[in-house]
Amino acid sequence: MSAGPSEAASVASALVPLPVILPLFAAGLKLAIGLRLQRTQRAISIVVLSLVVIVSLVLLVVADKEGPQVMYAGGWAPPVGVVLVADRLSALMLVVSTSVTLGVLVYSNGQGMADREGATPLSVFHPSYLVLVAGVSDTFLAGDLFNLYVGFEIMLVASFVLLTLGGTIARIRAGATYAIVSLLSSVLFLVAIVMVYGATGTVTMAELPAAIEKLPDGVTTLMEIGLLGVFGIKAAVFPLAAWLPDSYPTAPAPVTAVFAGLLTKVGVYSMLRSQTLFFPGTRLTDVLMIVALLSLLVGIVGAVAQTDLKRLLSFTLISHMGYMIFGIALATPEGFEGAIFYVAHHITVQTTLFLVVGLIERRGGSTDLQRLGGLATLSPLLAVLFFIPAMNLAGIPPLSGFLGKLGLLRAGVADGSVLAYVLVAGGTLTSLLTLYAMAKVWNLAFWRAAPAELYEVGAVLDSEETDEETDESEAEASREQGETGTAFDTGAPASQPPVGSGRAPEEAHAAVGTATDTGRQEAPAPAGHTQAATFGGQQVTTTTRLPASMIGSTVGLVLFGLAFTALAGPLFDFTGRTADELIERTPYVSAVMDR
Amino acid sequence: MTLTLALVVVGGTLFGAGTTLLLCRPLTRILLGSVLLGNGTNILVLTTAGAAGHAPLLGFGHDTSSIVDPLPQAFILTAIVITLALTAFLVTMAYRAWQLSGSDDVQDDVEDIRVARRAVYMEERERLRATYNDWREAYQSMVGSEEEQRAAERRAYQRLGKARDRYRELKDRARADARAHRARQARAEQTAEETAEEDDPWETILGADR
């Protein structure tokens, strides 16, 4: 390092690999401990992730002041050795992602304890979760394409386990879709990397810009298509997004939350990195714009049609990917600035919303909007917790969602091309439709009168027969039997099919807390697919008093989301500097190459 | 030194076969497809090392220009390890799917279908209900009016019965349609128990081909 780094910088470069190493080490430690020392194990997870947050913050400050921090693994020079680089973009992504994962971990601890599933989460969930965090950190820090691939794979293998926790039929089905798509994208990524290597003779990101400039346009475009396709699958942009709403909703709430928040953003990060560093004069701008537009519109129209809250949010996730792709497609400093801000904002908000859905499921016993109601009176805190991130997602003025969208739309107007204006219009429409979808959720789940069964807490809403058509026709059938064929009422079904009953009463009782003991309450079957809410894939027991750590971590993440609004000025300055650094390219390249 | 075409052809063939298998429903075939895809990719990676040469070991008297590029080999080793892990996971998942549902086919998402068909169902049901109500009202007005209209009443009653039958039939069909997607899951444990005693998973998996 000949650039004359200060003392702080050389210490910081030693910190670069820690976000990868620490979680991996903790995961190994937990596997060695096994099922013993449950309290210690929870403490280990939380302490390790807190350390990673602190390390990321230090890296953010140093990378902002001193330029990109580089770590040569084993002291090998770039073309052969593995390089880890933390520049402004990587450090920002690290800070946001690790903060969010820490929040979700606290939440999942609360959920595991509330469901009396002490052993299952600790033996399987915690190690996989830590490996996932390590994989995500590795992709953010990777200084060469092959290490990026390895980071993706670490993340994927962990996510397979997390998605199929409990091994219920619904989760295996969801996991199959997810695993096949991920597998295919891994193979394609490897092919794309080999293509890059075959054309340039290197996979080190810092060496690639110079090497790619010598190539003919056709080869560069082919490489770009290969990489963008893979990152597009990861980021779930429209034509490549069908796997997402099929696979995410069946997982436990914390898993869905962290997947929705982080895994897709890893794809966006990779796109940002490759588009700025390798393909600055891209010829695919128009293609990316159209993809962004379709993503925005198709995603949000899909969200409006859903009746299951988790699926609805999954579709809004696909839709809002369009905003980030829009920023990347513009390829202007303002566009990148907006996209980076939006990524940071969206990770937090989307994760928070999925965590709130987990709480709604715990109070209402279902995530089906047709079965929920009256939560605003039953649990005002829950209503506030949902309302703030929902309005943030829709982009209501003072909040960061509005600021992020405004930044992107202004960048689009500044660009001035016809397609950019179309996208500005599409983005505005999507924002309004998001508001419509959120208002629908609000009206159905929170504002209208509560169905009677919601008052009966402690009931386990079991779902053997799970179809609204089935329910209604069964209700009709029973009514027809009860009548003599003369008074056939076509109104709303009055009788409730007596399906479902309490789970083991002592279990229900144990989780109720202060609620009245109605463990054996008969409850009607929820519509929609078989719900699988807990880590083991069982139904949650509804309670009035929600576990403190779940509420606490959700409140924390809501406040974290609001911090983006409060600190929007400095944050936009920072993302502006990040965008400049990305476009300039030399800080990144020289930090790695000038050793 | 020349490049070999054989590696490209073999790699391409494996890639094609793997893609074909990946498009099948049974997880086991998808698994085999992914293995072929992985191997095909690895062979294609090998081609980027250029023409065949000496082993990339220093200190054996070989000139550095005559040894092959070692980096693709390192890629392949890593990729092989990753493919192994993913294959192990897929095998487990296929077995679990077979254990739970008696088949390792990848299932459609029920919720997806439900949302897609809801509009159609609702429309049809409303229409049938309206027809049925018309007939019922006609019948009731006749019943209420005169004793001597018994013949007309009987006719109307028959027509009512017909309308109701048709309504029920269509309703049942709609129900059966919605349930068909869960049929596999419903016969889960039973099939698993039966097959566990008499035959092996391969029978179930490859049975469709016989």
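Reply: The expected span of a helix is 1.5 Å times one less than its number of residues. The model is predicted.

Me: How do you know that the span of helix α6 of chain A is close to the one expected?

Reply: Helix α6 of chain A covers residues 145–163, which is 19 residues.

Me: Why is α6(A) called mostly covered?

Reply: Buried means under 20% relative accessible area, and 15 of the 19 residues of α6(A) are buried.

Me: Why is α14(A) called oblique to α22(A)?

Reply: Helix α14 (residues 333–364) and helix α22 (residues 568–584), both of chain A, pack at about 125°, with their axes 8 Å apart. Roughly perpendicular ends at 115 degrees and roughly antiparallel starts over 145, so the pair is oblique. The crossing is right-handed. Residues in the contact include A:Phe336 and A:Ile340 of α14(A), and A:Phe572 and A:Leu582 of α22(A).

Me: What makes α7(A) roughly parallel to α2(B)?

Reply: Helix α7 (residues 169–200) of chain A and helix α2 (residues 27–47) of chain B pack at about 10°, with axes 10 Å apart. Angles under 35 degrees count as roughly parallel, so the term applies. Among the residues that meet are A:Leu183 and A:Val187 in α7(A), and B:Ile30 and B:Leu37 in α2(B).

Conventions
Residues numbered from 1 in each chain as written. Chains lettered and ligands numbered in written order. Predicted model: local features only at pLDDT ≥ 70, side-chain atom pairs only at ≥ 80, totals over all residues. Heavy atoms only, no water. Helix = DSSP H or I, 4+ residues; strand = E, 2+ residues; numbered from the N terminus. Buried < 20%, exposed > 50% of the residue type's maximum accessible area, 1.4 Å probe, protein only. Axes fitted to C-alpha atoms, helices over the stretch in contact; angles between N-to-C directions. Parallel < 35°, antiparallel > 145°, perpendicular 65-115°, else oblique. Left-handed = near helix turned anticlockwise from the far one by under 90°. Contact = heavy atoms within 4.5 Å.
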